[in-house]
Amino acid sequence: MKLYNLKDHNEQVSFAQAVKQVLGTQQGLFFPLELPEFELTDIDEMLKMDFVTRSSKILSAFIGDEIAPHQLNERLKTAFTFPAPVVKVTEDISALELFHGPTLAFKDFGGRFMAQMLAYVSDADEKITILTATTGDTGAAVAHAFYGMDNVRVVILYPQGKISPLQEKLFCTLGGNIETIAIDGDFDACQALVKQAFDNQELKKTIGLNSANSINISRLLAQICYYFEAVAQLPQEKRNQLVISVPSGNFGDLTAGLLAKSLGLPVKRFIAATNANDTVPRFLEKGEWTPNVTVATLSNAMDVSQPNNWSRVEEIFRRKTWRLQDLGYGAVSDETTKATMRELVDIGYLSEPHATIAYRLLRDQLQEGEFGLFLGTAHPAKFKENVEVILKQQLPLPDSLAERADMELLSHNMKADFADLRAFLLKK
């Protein structure tokens, strides 16, 4: 598999290099040089396969002969050990629930696959430092995926006071090779620090820097697989007019969905669903890229004003000669989110803010004869405090949250200052 740097097309790397290097020059994201496409008969056969077997075929189409199919299959068996069920919400809308993994969020798929890939492409004695920024779910998924791995140090930055307490407990109580830093700033400040670190050649060389954000191509490719799994669970008549609504913050999940469509998965269109941090909806409406200051919302994992993966979204549309104006979009306020959460409970479906935003825009934009699917990206209990207040009902904690709820936080606190972060990273 060859990938090229979106900011310098002359820089091309292998899949293994991209997994370890993460970013190209000028902080450019890597993108596949070839966009494989399955025949319709292949798609029909793949949709009959089990999740792991199908995922191995999907990922082999991108990775090629860099990893033997049987080895890739074994790695996927280790990574994808939990389901991604499609659950009926209304007659013409269902939810793809991606929160049945160990940290109750969709990022378990990408985080666990990336851990397997990094272990595969790295030398046994090679020391690696995973540096990543999170709005909550990435941190937990990455922390648990890499916890206890030899020669891997994980450093996770997150915006202090801007993620839910239970999200924080899930990854800031592990210790060991997992180090967490609460940054005095928003997610964009955390992401900027990560980018500065990757621009620092001394750091990259000295500590073997790597990242587990969706900027890492291995995480992104893993997320393609559950779009196929969703369609496989739908009856044939619902596959033909399928609209998928994706809660969007850093836009990695939407990128993966578009790559699934590029492979030949039958999706009529996508909806990019955001909260008040609406840079992309405003861009799609007016054609001007004007990020505002990030604001805190109920859907904190989507509190991103400068989404990294948007350049990949644009590249897919350019390469496939699709029309960007065919991408659905919208921004949902906190008040509308609350009202829609209550609406969902009334019809028998318990949801949290992120999935609710995707449902709301899907409900509003779905046309007659279409079937809608929205992504449930996190378990409602991860946002227990807000959900209970909004819905006026108690939520039981899943075991993985309950066992950490009373544990002491092990996080460090830091200003959004690169010199401080650099010193922290070099201290070991």
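Let me begin with a pairing: strand β5 (residues 93-97) and strand β13 (residues 371-376) run parallel and share 5 bridges. Strands here are DSSP runs (E, at least two residues) and helices likewise (H or I, at least four), numbered from the N terminus; two strands count as paired if DSSP finds at least two bridges between them. Within this pair, isoleucine 93 faces glycine 372 of β13.

The model is a predicted one: local features need pLDDT of at least 70, side-chain atom pairs count only at pLDDT 80 or more, and totals for chains, interfaces and linings use all residues. Residues are numbered from 1 along each chain as its sequence is written, and side-chain values use heavy atoms, with hydrogens and water left out.

β5 and β13 belong to an open sheet of 6 strands, ordered β4-β5-β13-β10-β11-β12, with mixed pairing. Because β4 (86-90) and β12 (328-331) are at the edges with a single partner strand each, one side of each has no neighbour in the sheet. From one strand to the next, the twist averages 25 degrees. Helix α13 (residues 279-286) lies across β11 (269-274) and β12, at about 125 degrees to β12. Such angles run from 0 to 180 degrees between N-to-C directions, with axes as lines fitted to C-alpha atoms, for helices over the stretch in contact; contact means heavy atoms within 4.5 Å.

I turn to the other sheet. This open sheet has 5 strands in the order β9-β6-β7-β8-β14, and its pairing is parallel. β9 (209-210) and β14 (412-415) are the edge strands, each pairing on one side only. Strand β6 (residues 128-133) is joined to β9 by 2 bridges, and threonine 129 has leucine 209 in β9 as its bridge partner. Helix α8 (residues 187-199) packs on this sheet, touching β6, β7 (152-159), β8 (178-184) and β9, and its direction makes about 150 degrees with that of β6.

Finally, the pocket. What is the volume of the largest pocket? It is about 300 Å³, taken as the space filled by probe spheres set on grid points joined across faces, edges and corners. A pocket is an open set of points on a 1 Å grid over the protein atoms alone, where a 1.4 Å probe fits, with protein on both sides within 12 Å along at least five of seven lines; lining residues have an atom within 4 Å of a point. Of the 14 lining residues, Lys7, Lys195, Pro307, Asn308 and Ser311 are the closest to the centre. Helix α14 (residues 310-319) contributes the most to this lining, with 3 residues.
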